[in-house]
Amino acid sequence: MSIVVIYQSKTGFTRKYAEWIGEELDCPIRAVKEAVKEDLSGYDTLIYGGGLMAGRISGLSTFKKNKMPAGKKLMVFATGASPMEATEVIAKIKNDNLSRQEQEEIPFFYLSGGICYEKMDFFSKNILKMLHNALQKKTDRTEEETGMMHAIEKSCDYTDKKNLAELLTCVKRG
């Protein structure tokens with residue numbers, strides 16, 4: 001089985017996971033902007049990773065539309081600042097990014113990444129600032145919302161190779 005990892009990363013967390021997956025599976029990795037559909041058609045399995053912005057997996061819909069070769073197996077991982085235990089948040093990410101049919105066909109994994117304000121553009125910083133302020137003002141915050149509010153207060157790195165265990169097991173099972 002030939003595998004390639006394709007990723008889109010703004011602040012480095014998704015790239016770090018892509019590199020770790022590449023090392024663990026001894027397979028190449030490609031930034032999505034460098035990936036060419038014709039070159040990708042030589043692989044059986046494509047693992048796509050993207051960071052989250054406003055609940056959307058960066059570049060996933062464009063990748064599926066323009067670069068995903070027909071008849072290939074796709075796996076998807078998303079990185080964000082929420083903890084891996086944030087089941088409601090993760091379910092929403094999955095529902096917002098994959099159709100019902102895709103959810104049955106495409107294995108999806110969430111990996112805790114982090115926040116790096118130093119590498120973010122002005123727009124991204126302001127979105128997170130507005131989200132933080134909205135959560136701070138909310139009087140009936142859930143535990144997950146409180147966790148998210150604290151997670152986005154400052155730069156942080158939650159990446160860990162251990163977070164890849166489920167994804168790697170799924171890939172190795174075929």
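This is a predicted model: local features need pLDDT of at least 70, side-chain atom pairs count only at pLDDT 80 or more; totals for chains, interfaces and linings use all residues.
Figure 1. Most residues other than glycine have a negative phi. Asp-26 has its positive phi although it is not a glycine, and its place is in the loop between H1 and strand E2, the latter formed by residues 29-31. With a relative accessible area of 72%, Asp-26 is classed as exposed, because the cut-off for that class is over 50%.

**Figure 2. Helix H1 and its buried residues.** Helix H1 comprises 13 residues, and from its first C-alpha to its last it reaches 18 Å, which is close to the 18 Å expected at 1.5 Å a residue. The buried residues of this helix are Phe-13, Thr-14, Tyr-17, Ala-18, Trp-20, Ile-21, Gly-22 and Leu-25. An α-helix has 3.6 residues a turn, so residues three or four places apart point the same way.

Figure 3. Two aromatic pairs are found when the whole structure is searched; Tyr-17 and Trp-20 form an edge-to-face pair, with 5.5 Å from centre to centre and 85° between the planes. The pair counts as edge-to-face because its planes, at 85°, are over 60 degrees apart. Both Tyr-17 and Trp-20 belong to H1, which spans residues 13-25, and they are three residues apart, about one turn of the helix. Tyr-17 has a relative accessibility of 0% and therefore counts as buried, while Trp-20, with a relative accessible area of 17%, is also buried, since the limit for that class is under 20%.

**Figure 4. The largest pocket and its lining.** The largest pocket holds about 880 Å³ of space and is lined by 37 residues, among which Leu-52, Ala-54, Gly-55, Leu-131 and Met-148 lie nearest its centre. Two or more lining residues are given by each of H1, strand E3 (45-53), strand E5 (73-80), helix H4 (87-97), strand E7 (114-115), helix H6 (122-137) and helix H7 (143-151). Sorted by class, this lining has 16 nonpolar, 13 polar and eight charged residues.

**Figure 5. The surroundings of Thr-79.** Thr-79 is part of strand E5, and its relative accessible area of 4% is the reason why it is classed as buried. When neighbours within four places in sequence are left aside, Thr-79 is in contact with Thr-14, Tyr-17, Gly-50, Gly-51, Leu-52, Tyr-110, Leu-111 and Gly-113. Among these contacts of Thr-79, Thr-14 and Tyr-17 are also listed among the buried residues of H1, and Leu-52 is one of the residues that lie nearest the centre of the largest pocket.

**Figure 6. The second largest pocket.** About 160 Å³ of space lies in the second largest pocket, whose lining is made up of Met-84, Ile-90, Lys-94, Phe-108, Phe-109, Tyr-110, Leu-111, Lys-162, Asn-163, Ala-165, Glu-166 and Leu-167. The elements that contribute two or more residues to this lining are H4, strand E6 (108-112) and helix H8 (165-173), and E6 supplies the largest share, four residues. By class, the residues of this lining divide into eight nonpolar, one polar and three charged.

Figure 7. Met-84 belongs to the loop between E5 and H4 and, at 28% relative accessibility, counts as partly exposed. Not counting residues up to four places away in sequence, Met-84 touches Ile-90, Tyr-110, Leu-111, Ser-112 and Asn-163; of these, Ile-90, Tyr-110, Leu-111 and Asn-163 also line the second largest pocket. Met-84 and Ser-112 are 28 residues apart in sequence, yet their C-alpha atoms are 5.8 Å apart in space.

**Figure 8. Leu-135 in helix H6.** Leu-135 is found in helix H6 and counts as buried at 7% relative accessibility. Beyond residues up to four places away in sequence, Leu-135 touches Arg-141, Glu-145, Met-148 and Met-149, and one of these, Met-148, is among the residues that lie nearest the centre of the largest pocket. The C-alpha atoms of Leu-135 and Val-4, which are 131 residues apart along the chain, are separated by 38 Å.

**Figure 9. Glu-38 in helix H2.** Glu-38 lies in helix H2, which is formed by residues 37-40, and at 58% relative accessibility it counts as exposed. Between the C-alpha atoms of Glu-38 and Lys-67, two residues that are 29 residues apart along the chain, the separation is 8.3 Å.

Key. Residues are numbered from 1 along each chain as its sequence is written. Side-chain values use heavy atoms; hydrogens and water are left out. Buried means under 20% relative accessible area, exposed over 50%, partly exposed in between (1.4 Å probe, protein chains only). Rings of Phe, Tyr and Trp (its six-membered ring) pair if their centres lie within 6.5 Å; planes under 30 degrees apart count as stacked, over 60 as edge-to-face and the rest as tilted. The expected span of a helix is 1.5 Å times one less than its number of residues. On a 1 Å grid over the protein atoms alone, a cavity is a set of points where a 1.4 Å probe fits but cannot get out, and a pocket is an open set with protein on both sides within 12 Å along at least five of seven lines; lining residues have an atom within 4 Å of a point. Grid points are joined across faces, edges and corners, and a volume is the space filled by probe spheres set on the points. Ala, Val, Leu, Ile, Met, Phe, Trp, Tyr, Cys and Pro count as nonpolar, Asp, Glu, Lys and Arg as charged, and the others, Gly among them, as polar. Contact means heavy atoms within 4.5 Å.
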